[in-house]
Amino acid sequence: MKYENERKYRIPDIYIFKKLVSQAFDEWLILQWYDKNGLRTRLEIKKGEKVWTTNLKKEIKKGLREEEEGFIKEEDIDFDNLKSQRMVMKKRYLLNKDPEIVVDELLNPDNCIRYKKEFSEIMYLLEIEEKGKKVDLTKFLMDFLGDIFWKLEDLTYLDGYNNSDFAGEHQCDLNKIVGCEKSKWEN
């Protein structure tokens, strides 16, 4: 069991988003599914490599969560079950490793996901999370981003901005998106 200490922000427009991601030194695609009990199944695709994980988070207080995470093999995935779970799809850009600073660009190809929040409210998000170093996350981010920091909207203490909150029902062509064998997603 580990603890996740993080802060979340909304990036207000595409210009600031583009400026931030121009600083990224890594990026990958993430698909996350949430079951009724809060268990998250995540697929990360980076340079053609796929990594599957499961994760269960319990909020202790806003900005601090208890987290249990583990790796799973693709052959152990119940693809039929994932089709009925709520989903989030995003491109993640890594700006800093420790503390981790990421920008998430929410995706909705062909409007196949019915997110529970207005898409424009969640389209561009930034998170900073402690990894090894214990730091004042707000101060670190202020120093890291400079003037851009003051243009971000702090969402850390607001309800409804965790991925599990706005994940939606979906009818995406996951064969095309994920590149898995067709039989895994079809009955």
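When I speak of a nonpolar core, I mean a set of buried Ala, Val, Leu, Ile, Met, Phe, Trp, Tyr and Cys residues joined through side-chain atoms within 4.5 Å. Please keep in mind that what you see is a predicted model.

In the largest such core, which has 26 residues, the members that touch the most others are L31, W33, M87, M89 and Y115. At least two residues of this core come from each of β2 (26-34), β3 (40-46), α2 (79-83), β6 and α6 (174-178), and β2 gives the most, with 4 residues. If we leave aside residues up to four places away in sequence, the contacts of Y115 include M87, V88 and M89, and also F166, A167 and G168.

Apart from that core lies another, of 19 residues, and F17, V103, Y124 and L126 are among them.

F17 brings us to helix α1, residues 14-21, where I16, F17, L20 and V21 are buried. Seen down the axis of α1, these buried residues fall within an arc of 125 degrees, and therefore they line one face of the helix. On the other side of α1, by contrast, Y15, K18 and K19 are exposed. The buried residues of α1 are covered by elements that include β6 (86-97), β7 (100-106), β9 (124-129) and α4 (137-145).

Finally, the N-terminal end of α1 is capped by D13, which places a side-chain oxygen 3.0 Å from the backbone nitrogen of Y15.

Conventions: Residues numbered from 1 in each chain as written. Predicted model: local features only at pLDDT ≥ 70, side-chain atom pairs only at ≥ 80, totals over all residues. Heavy atoms only, no water. Buried < 20%, exposed > 50% of the residue type's maximum accessible area, 1.4 Å probe, protein only. Arc of directions from axis to C-beta. Contact = heavy atoms within 4.5 Å. Polar contact = N/O pair within 3.5 Å; in protein donor to acceptor, adjacent residues only side chain to side chain.
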